[in-house]
Every structure is written in C-alpha cells, then in structure tokens.
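Student: I would like to learn how to read a model like this one. Can we take it feature by feature?

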Amino acid sequence: MASVTLSEAEKVYIVHGVQEDLRVDGRGCEDYRSVEVETDVVSNTSGSARVKLGHTDILVGVKAEMGTPKLEKPNEGYLEFFVDCSANATPEFEGRGGDDLGTEIANTLYRIFNNKCSVDLKSLCINPREHCWVLYVDVLLLECGGNLFDAISIAVKAALFNTRIPRVRVLEDEEGSKDIELSDDPYDCIRLSVENVPCIVTLCKIGYRHVVDATLQEEACSLASLLVSVTSKGVVTCMRKVGKGSLDPESIFEMMESSAVIQDATR
C-alpha cells in the first residue's frame, strides 16, 4: 500500500480535526471527494472504465473470451481478476513491490463476486459443461492517492456496465456435432446487469471517529479500517478488517450503518 511519512505534529492536527468533524481538505467525516468516471476508454477490450477519486487513478479493462465452465458450476460462466500496480503510481511498486497489494486486491474482488447475486453468471453460459464466457477483469493502478479499494470497486462496476459480449448461436448438424457462430454486429450483443454489483465503502478509524474516502495522510493516522461491500439496496455482501489495530463491536456496527447510508445516498 502506498504510504506517506508524517510528523507527530501533523498526525495530531489531523486526528484532532477528525474528532471535530473537520478534515484538512474541508470535508466532513462522511463526505467523499468528487469522483470522475469515464467508460469505453480502451479500444481493444469488451468493456473498460477509468475512475479518478482525488489523486487516485484506476483503469479497468474487461475482455470476454470463450472457455469451459468449471466442474462445480457447469451452467455458469465466471470472472477472473488480475491487478497490476504500476511503478508510476508510487516508487514503492518498483520491481515486485506491488505484488502483495495486487494479490490482496484481487482476493478481495473474488470475495465480493463470490455469490449468485452480484452478476448473473448463468447468462454467460453458452453450452452447459462445454462452452461459456470468461470475463477477464484487468485492474491497473495508475496513481495512488488514498482509498484504493473504493475507487477500484467503482471502476470494476463501471467497466462491467460498459462490457459488450457478442451474441452466440449454436448450430447443430444432423450428426449431432455443434458449431458456434458469433455475431459480427456490434449492436447484437449481451449487456450485463450491474444493479446488484456492490461497491466497497472503506471506513478508517481515526481516534474515536471514522472517516470515509481517506487520503494518504489520513490513512497514515489510522491503525484499523473496515472494508464493507454493500449493494445499492443496502445489502452487505462482504466485510473485512485491515490494519494492525483493533475495532470494538460498537464501532463495527456504527461503521456498517454508515456504509449503508452512504451507498443509499449515492444511488
């Protein structure tokens, strides 16, 4: 994770401000920075999106390729996630410095989408047990300015919304052999419903309060954060704690309630 070095005086200034619901950039504790979302930004993909949240810049591309359904789910397609932490984002990612963070982000995305509600995976099936669509979701971190997980979840949802999958016809001859024909009409395609795709709300505990959409400086003042994956209907699909500090049960319930309210307000 990208980090920044602060003096003790700077940390005290930030922590005391948060206790008074006043952050360095003038926001309240539960205010987000402006989010810029741009779709269809990469030409050689099935769908793509770029999200800028403060100084955090994320690019996501989705490629639909034909594959074989998994044995345990013979009538469904599936998603694969790959995360690349560009060395241009921060010097800490040079060499293999960003590998651990990339693996952590990918594993979090797998946990978010590991349910039947987020994406209709059955719509990605072409022939049960034989052919299905596999969506390869590539995440590129271009710049790290805090609150990575929230920005990535927004970018992934936008890229899936932008994804166009060619419509397929299965032709069977008299001998029973099957032939797959892809439509070459760009408008004859399948569009994914992302209504139930959740977004991550990261709540950083600073002092006795928590903040959302933390900057790098605020993350340096937080010992524990709660990542809550929540849908537009307020359904929590995944939750995990990050950081070395601890969270008491009362704080966790308060954070969960805040995440649902924030997601409802941004619909």
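Student: Where does Asn162 lie?

Tutor: Helices (H or I, at least four residues) and strands (E, at least two) are DSSP runs, numbered from the N terminus. Asn162 lies in helix H3. One caution on the source: this is a predicted model, where local features need pLDDT of at least 70, side-chain atom pairs count only at pLDDT 80 or more, and totals for chains, interfaces and linings use all residues. Residues are numbered from 1 along each chain as its sequence is written, and side-chain values use heavy atoms, with hydrogens and water left out.

Student: Is Asn162 buried or exposed?

Tutor: Buried means under 20% relative accessible area, exposed over 50%, partly exposed in between (1.4 Å probe, protein chains only). Asn162 has a relative accessible area of 6%, so it is buried.

Student: Which residues is Asn162 in contact with?

Tutor: Contact means heavy atoms within 4.5 Å. Leaving aside neighbours within four places in sequence, Asn162 is in contact with Thr39, Asp40, Ser46, Gly47, Ser48 and Arg191.

Student: What does helix H3 pack on?

Tutor: Start with the sheet. Two strands pair if DSSP finds at least two bridges between them. Four strands, in the order E12-E11-E13-E14, form an open sheet with antiparallel pairing. Strand E12 (209–212) and strand E14 (236–242) are the edge strands, each pairing on one side only. From one strand to the next, the twist averages 25°. Helix H3 (residues 148–162) packs on this sheet and touches E11, E13 and E14. The direction of H3 makes about 175° with that of E11. For such angles, axes are lines fitted to C-alpha atoms, for helices over the stretch in contact, and angles run from 0 to 180 degrees between N-to-C directions.

Student: How many bridges join E11 to E13?

Tutor: Seven bridges join strand E11 (residues 199–206) to strand E13 (residues 224–230), and the two run antiparallel. Within this pair, Ile200 has Ser229 of E13 as its bridge partner.

Student: Which residues of helix H2 are buried?

Tutor: An α-helix has 3.6 residues a turn, so residues three or four places apart point the same way. In H2, the buried residues are Leu101, Gly102, Ile105, Ala106, Thr108, Leu109, Ile112 and Phe113. They cover an arc of only 160° around the axis, which puts them on the same side of H2. That arc is taken from the directions from the helix axis to the C-beta atoms. The buried residues of H2 pack against strand E4 (78–85), strand E6 (131–143), H3, E11, E13 and E14.

Student: And a hairpin: how many residues stand between E2 and E3?

Tutor: E2 and E3 form a hairpin with two residues between them. In the turn, Gly54 has a positive phi of about 65°. Strand E2 (residues 47–53) runs antiparallel to strand E3 (residues 56–67), joined by seven bridges. Arg50 stands opposite Leu59 in E3.
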